[in-house]
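Reader: Please take one part of this model and walk me through it closely. I want to know what sits around it, and then how the rest of the chain packs.

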Amino acid sequence: MTVQTALLQGVKLLEDAGVGVPRLTAEVLLAHALHRDRVYLIAHSEHVLSELEWLHYGRYLHERMQGKPTQYITGRQEFYGRDFRVAPGVLIPRPETEHVVEMALRLAPNATRILDVGTGSGALAVTLRLEAAAHVVAGCDISPAALTMAARNADLLAAPVQLVCCDLLAPFAAASMDLIVSNPPYVPESDAPGLQREVRDWEPHVALFGGATGLEIYERLARDAPRVLRPGGWLIVELGFNTAERVAAMFSGAWHNVEIAPDLAGIPRVLAAQCSSR
């Protein structure tokens with residue numbers, strides 16, 4: 001069985017199973033089975049798979065056809081140009097979340113203390129530790145499994161990050177942070193049946209669902225972040241689909257300079273708000 005034949009068979013199986021982007025998926029899974037990158041497949045199409053490589057590739061194809069996300073099969077996902085480890089029980093980082101990083105670097109370039117709420121794999125915390133000039137970056141999550149993965153990513157990417165197991169902002173001291181970022185759970189519970197099976201059946205519900213309306217975590221952050229932020233500090237959050245106006249309405253009183261930025265598709269994706277001086 002050559003690389004070329006294996007890819008053709010894999011694409012056919014994935015197509016018949018209704019898996020999206022079957023060619024790319026087959027390439028990623030075969031490269032993972034061979035412990036090579038995808039470029040190797042192009043340059044070595046006549047490579048003959050060993051029995052072990054074929055067995056691994058077949059298992060990966062079967063898992064993907066059953067709905068398991070490709071990232072959970074390979075254990076990897078790129079974020080902001082870096083390779084992050086992921087596993088079941090930890091939300092897979094999305095490209096859209098990179099807009100949170102971009103806005104943080106633009107609005108708070110001099111932040112010295114940064115907190116990532118609901119850090120998951122640590123994608124935001126680790127990236128900001130490496131991209132920003134902050135002296136202290138912390139990540140918190142209610143999930144011990146997520147924190148274990150975040151610690152692994154911080155170690156692999158040489159990014160010193162403090163990690164705390166807690167519910168949102170509860171343990172953090174008053175006026176202790178210059179910047180808070182978050183990709184919070186924002187899917188309404190009633191939307192669960194309509195989600196892709198890869199998301200609904202495999203990714204952690206605690207990181208997906210934000211309550212009955214999907215707005216509950218935003219409300220808690222808008223209410224408690226002014227206590228944790230220093231005067232003039234920023235809160236930057238990723239937005240769920242069609243939530244921009246409702247989330248923006250939560251930021252009054254202690255907040256000003258509310259800004260909403262779109263993603264590459266023009267969908268409102270990130271909201272930033274600055275804490276008023278005390």
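**Threonine 112 and its surroundings**

Author: Leaving out residues up to four places away in sequence, threonine 112 touches Ala134, His135, Val136, Asp178 and Arg230. This is a predicted model. Threonine 112 lies in the loop between α6 (98–107) and β3. Its relative accessible area is 24%, so threonine 112 is partly exposed. One pairing deserves a look. Threonine 112 and alanine 134 are 22 residues apart along the chain, yet their C-alpha atoms are separated by 3.9 Å.

Now take isoleucine 180. Neighbours within four places in sequence are set aside here. Isoleucine 180 is then in contact with Leu115, Val117, Leu169, Ala225, Val228, Leu229, Trp234, Leu235 and Ile236.

Is arginine 85 buried or exposed? Its relative accessible area is 17%, and buried means under 20%, so arginine 85 is buried. Its contacts, not counting residues up to four places away in sequence, are Gly75, Arg76, Ser121, Met149, Arg152, Asn153 and Leu156. Compare its separation from glutamate 27. Arginine 85 and glutamate 27 are 58 residues apart along the chain. Their C-alpha atoms are separated by 19 Å.

Tyrosine 80 is found in the loop between β1 (76–79) and β2 (82–85). It has a positive phi of about 55°, although tyrosine 80 is not a glycine. Tyrosine 80 counts as partly exposed, because its relative accessibility is 23%.

Histidine 35 has a positive phi of about 55° as well, and is not a glycine. Where is histidine 35 found? It is in the loop between α2 (22–34) and α3 (38–43). With a relative accessible area of 70%, histidine 35 is exposed.

That leaves a helix pair. Two packed helices are described by the angle between their axes and the distance between the axes. For helix α1 (residues 3–16) and helix α4 (residues 51–65), the angle is about 20° and the axes are 10 Å apart. Angles under 35 degrees count as roughly parallel, so α1 and α4 are roughly parallel to each other. The crossing of α1 past α4 is right-handed.

Who meets whom in this pair? From α1 come Ala6, Leu7, Gln9, Gly10, Leu13 and Leu14. From α4 come Trp54, Tyr57, Leu61, Arg64 and Met65. By class, the contact of α1 with α4 has eight nonpolar, two polar and one charged residues.

Back to the starting point, then. Threonine 112 is partly exposed, and its contacts include Asp178 and Arg230. Arginine 85, by contrast, is buried.

Note on methods: Residues numbered from 1 in each chain as written. Predicted model: local features only at pLDDT ≥ 70, side-chain atom pairs only at ≥ 80, totals over all residues. Heavy atoms only, no water. Helix = DSSP H or I, 4+ residues; strand = E, 2+ residues; numbered from the N terminus. Buried < 20%, exposed > 50% of the residue type's maximum accessible area, 1.4 Å probe, protein only. Contact = heavy atoms within 4.5 Å. Axes fitted to C-alpha atoms, helices over the stretch in contact; angles between N-to-C directions. Parallel < 35°, antiparallel > 145°, perpendicular 65-115°, else oblique. Left-handed = near helix turned anticlockwise from the far one by under 90°. Nonpolar A, V, L, I, M, F, W, Y, C, P; charged D, E, K, R; others polar.
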